[in-house]
Amino acid sequence: MEGIEGESSEASRYSLRPSRISNEDIIFCIDSDLESLCEMKVTGPNGRPVTRLDSIKQAILLFINAKLTINPDNRFSFAVLGKSASWLRKEFSGDVESAMTALRGLPTTSSCGHADLTSLFRVASHEAKKSRAQNRILRVILIYCRSSTRPQHQLPVNEKCFSLDVLYLHDKPGPDNCPQEVYDALVDAVEYVSEYEGYIFESGQGLSRILFRYMCILLAHPQQRCTQEHLDIPKPLAKKSPPAEAMPEDVTSAPNQ
């Protein structure tokens with residue numbers, strides 16, 4: 001880069017301090033409320049209905065396979081969110097078969113009526129310290145499905161030591177649900193606990209491809225992200241018509257015979 005006039009080239013040269021991008025430990029926390037069994041607007045083989053939970057499992061396996069292709073040293077564990085969070089598989093592993101086994105054991109319950117994220121954040125803070133001791137970073141990906149239950153947490157303000165992403169699948173607004181209020185509470189949670197830039201995406205359209213698209217965006221490493229308001233992917237695939245061929249300027253209409 002050339003120097004600005006009046007300044008030395010040394011003073012005006014741009015430099016970026018080198019830093020190491022850490023391997024990730026990622027906790028998937030999946031909502032086990034009854035609303036996770038709502039049907040999507042797609043059908044599976046033989047016309048079988050596809051639920052939110054079916055699509056979530058597919059999206060997680062898509063993410064894990066892609067993330068391991070990017071970096072085979074990434075590791076994953078699994079938790080479920082009922083009234084509070086609990087482990088589904090505590091041990092971090094980069095084995096895809098192990099992830100599939102954990103997802104097959106994912107339970108669903110009746111409507112929980114309450115969602116406390118306190119235990120999830122406490123566990124994440126504890127695990128983040130162990131990850132840091134191994135020169136790794138920890139991230140939580142929360143997949144939430146309740147349209148009328150605002151998540152809550154009770155944690156004192158402390159050092160942010162892990163990152164949080166959220167995927168929110170919900171019903172359309174109506175007399176019995178308030179997805180906007182739930183979304184706002186999830187935004188507050190991301191801002192409250194996330195060490196690096198945390199992303200939050202929502203969809204009430206019931207389309208699996210939108211969930212897959214958002215999950216692909218979450219492949220972005222937290223240490224390499226722009227802020228979400230500056231995120232401009234995926235790009236729309238607008239159809240462009242080919243430009244019309246220009247007529248030569250010296251061509252004139254033939255005279256009438």
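A crossing of two helices is right-handed if the near helix is turned clockwise from the far one by less than a right angle. In the predicted model described here, the crossing of H2 and H6 is of this right-handed kind. The two helices pack with their axes 9 Å apart and at an angle of about 30 degrees. Angles under 35 degrees count as roughly parallel, and H2 and H6 are therefore roughly parallel to each other. On the H2 side, the contact is formed by Ser55, Ile56, Gln58, Ala59, Ile60, Leu62 and Phe63. Helix H6 contributes Ser208, Leu211, Phe212, Met215 and Cys216. By residue class, this contact comprises nine nonpolar residues, three polar residues and no charged ones.

Helix H2 also packs against helix H3. The axes of H2 (residues 52-70) and H3 (residues 96-104) come within 11 Å and cross at roughly 165 degrees. Because angles over 145 degrees count as roughly antiparallel, H2 is roughly antiparallel to H3. The crossing of H2 past H3 is right-handed. Lys57, Ile60, Leu61, Ile64, Asn65 and Leu68 of H2 make the contact with Val96, Ala99, Met100 and Leu103 of H3. Eight of the residues in the contact of H2 with H3 are nonpolar, one is polar and one is charged. Ile60 is listed in the contact of H2 with H3 and also in the contact of H2 with H6.

These helices belong to a protein chain whose secondary structure consists of six helices and eight strands. Along the sequence, the elements follow the pattern α-β-β-β-α-β-β-α-α-β-β-α-β-α. The protein chain has 257 residues, of which 43% count as buried. Among contacts in the protein chain with a separation of 6 or more, 75% involve residues 24 or more positions apart.

Leucine 138 is placed in strand S6 and counts as buried, with a relative accessibility of 2%. Residues up to four places away in sequence aside, leucine 138 touches Asp25, Ile27, Phe92, Ala124, Glu127, Ala128, Ser131, Phe162 and Ser163. The C-alpha atoms of leucine 138 and serine 22 are 9.5 Å apart in space, whereas the two residues are separated by 116 residues in sequence.

Serine 22 is also one of the residues touched by histidine 221. Histidine 221 is located in the segment after helix H6 (208-217). With a relative accessible area of 10%, histidine 221 is buried. Its contacts, not counting residues up to four places away in sequence, are Ile21, Ser22, Glu24, Lys67 and Ile137. The side chain of histidine 221 also reaches the backbone nitrogen of glutamine 223, at 3.0 Å.

The loop between helix H4 (118-133) and strand S6 (136-144) contains asparagine 135. Most residues other than glycine have a negative phi. Asparagine 135 has a positive phi of about 60 degrees, although it is not a glycine. Asparagine 135 is exposed, with a relative accessible area of 56%, whereas leucine 138 is buried.

Key
Residues numbered from 1 in each chain as written. Predicted model: local features only at pLDDT ≥ 70, side-chain atom pairs only at ≥ 80, totals over all residues. Heavy atoms only, no water. Axes fitted to C-alpha atoms, helices over the stretch in contact; angles between N-to-C directions. Helix = DSSP H or I, 4+ residues; strand = E, 2+ residues; numbered from the N terminus. Parallel < 35°, antiparallel > 145°, perpendicular 65-115°, else oblique. Contact = heavy atoms within 4.5 Å. Nonpolar A, V, L, I, M, F, W, Y, C, P; charged D, E, K, R; others polar. Buried < 20%, exposed > 50% of the residue type's maximum accessible area, 1.4 Å probe, protein only. Polar contact = N/O pair within 3.5 Å; in protein donor to acceptor, adjacent residues only side chain to side chain.
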